[in-house]
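Me: I have a structure to read and I'd like to go through it feature by feature. Can you walk me through it?

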Amino acid sequence: MERKQPDLVLIVARSFATKLATPAIIIDARGDLIYFNDAAAELLGRPYLDIGELPASRWQELFQPRTLDEEPLLPEQTPGGVALRERRPVHDSFAFLGLDGLEREITVTAFPLFSHPDEIVGVMSIFWELPAPS
Amino acid sequence: MIIRVWGARGSLSAPGPETVGYGGNTSCVEVELADGTTIILDAGTGIRELGQRLVERDPDVLHVCLTHLHLDHVEGLGFFAPLWTPGWKLRFWGPPSATTALRDRVARYLSPPLFPMGLAEAPAESVFEDVPREPWRVGPAIIEAETVEHRGPTVGFRIEEEGRVFVYLPDHEPYLTAALDDEPEWISGWALAEGADLLLHDSQYTEEEYAQRIGWGHSSVDQAAAFARAAGVRQLGMFHHDPMRSDRELEELYDRVAEIVQEDQEPPIIAREGMEIMLGAGPRH
């Protein structure tokens, strides 16, 4: 049965993210972006309300994620994608193009959101911008 | 279906002259379906008197749906006559837990030193199950349970029979995780309550009280009214009355809620012990 609204775990995670001063982004069980907070908007280059929910393919197209060695990353290869696919926390770094046109390198901790021991409803990723090389 | 309120008080039973009008028993609501099937929502102290009425009949199957296991929602079980009478079959449904079976969680209360008897000593045949993730059928009704915002694992229930919908959300703080003007899909419990003919909803606090108790798991009456409006509920029933609230104070809160509801909604009600509400056709047995 298709759900008419997100699982409570996603509702609570989104509420948590809205209150965090740390950049945070949430994807659902399909890998689609469903929310990022104001702190994340500073790095992504545009507020969530301007962008809204995005399918995985679309956010990959917009943000062009890639490794620190400039290799392109598919959505499922980003820390959030790996956390979703392998159902485990992931910590890694990668680069992307912000919607303000600036390239950024970030380090990410992504953790799966389980509503039941066998049911993953999404992934929450918190991240920081890596300091520019001196 | 017929909905009977046996207890509408929240948190702690509150008997006395100040509460005699709406009653002091904690949460318990009986739903009688068209074929006579009995569903019981929560097992607060109100279930004691319901049990006395039930054992006047021949033993049967009862469906007991527990929203959560806070004491005010299970403390009546020790005095629920069908549980202690051979021949009755009790099917319990409750909130899921990743670690502990529902029977074991209920048995924490129904065991010494909190209670003199153990659940295993109860002669009724009892089955305990976490609520299914999909809607399920009980007699002629479809029941749906959904986890909702409250302290600890908690579900609400939606019961639909012959196109009429009754929703029960006695302990719920939807606006802890949503703003009043948020999109409805981001409001806890919204889909469960959407389009209900009757919603019995947590209305524990005044606005002033809520400001001091944010995160305690309950709603103000204004929030209850806002939630009912967001979900397109036809009629809101104020439920889970604060134990400190007198009958007179409840009626003052009612006046406030009545001002908030919209023209396309029925006037709200204050859930009261002994209240009986019929949705659609009544039992045909």
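Me: How many bridges join strand 12 (residues 236–239) of chain B to strand 13 of chain B, and in which sense do they run?

Reply: Before that, the ground rules: this is a predicted model, where local features need pLDDT of at least 70, side-chain atom pairs count only at pLDDT 80 or more, and totals for chains, interfaces and linings use all residues. Residues are numbered from 1 along each chain as its sequence is written, while chains are lettered from A and ligands numbered from 1 in the order in which they are written. Helices (H or I, at least four residues) and strands (E, at least two) are DSSP runs, numbered from the N terminus, and two strands pair if DSSP finds at least two bridges between them. Here, strands 12 and 13 of chain B are joined by two bridges and run parallel. Across that pairing, Met238(B) sits opposite Ile270(B) in strand 13 of chain B.

Me: Which sheet do they belong to, in what strand order?

Reply: An open sheet of seven strands, ordered 7-8-9-10-11-12-13 (chain B), with mixed pairing. Strand 7 (136–138) and strand 13 (269–270) of chain B are at the edges with a single partner strand each, so one side of each has no neighbour in the sheet.

Me: What about strand 4 of chain B: which strands does it pair with?

Reply: Strand 3 (residues 38–41) of chain B pairs with strand 4 in the parallel sense over four bridges. Strand 5 (residues 89–94) of chain B is also parallel to strand 4, through five bridges. Leu62(B) is a handy landmark: Thr38(B) stands opposite Leu62(B), and Leu62(B) stands opposite Leu90(B) in strand 5.

Me: And is strand 4 of chain B buried or exposed?

Reply: Count neighbours: a residue is buried with 20 or more other C-beta atoms within 10 Å of its own, exposed with 12 or fewer, and partly exposed in between, with C-beta atoms placed from the backbone. In strand 4 (residues 61–65) of chain B, four of the five residues are buried. For chain B as a whole, 48% of the 285 residues count as buried.

Me: Strand 5 of chain B and strand 6 of chain B pair too; what does the chain cross through between them?

Reply: These two are parallel over six bridges, with strand 6 covering residues 125–130, and Phe92(B) faces Phe128(B) there. The chain passes through helix 2 (residues 102–109) of chain B on the way, in a right-handed β-α-β crossover. Right-handed means that, with the strands pointing away from the viewer, the path from the first strand over the helix to the second runs clockwise.

Me: Which residues have the most contacts inside the largest nonpolar core?

Reply: A nonpolar core is a set of buried Ala, Val, Leu, Ile, Met, Phe, Trp, Tyr and Cys residues joined through C-beta atoms within 7 Å. The largest has 100 residues, and Phe166(B) and Leu199(B) have the most contacts inside it. Helix 5 (residues 221–230) of chain B gives the most to this core, six residues. Contact means C-beta atoms, placed from the backbone, within 7 Å. Leaving out residues up to four places away in sequence, Phe166(B) touches several residues, including Met1(B), Val31(B) and Leu279(B).

Me: How many residues of chain A are in contact with chain B?

Reply: Eleven, against twelve residues of chain B. Helix 1 (residues 8–19) of chain A supplies the largest share of chain A's side, five residues.

Conventions. Contact = placed C-beta atoms within 7 Å.
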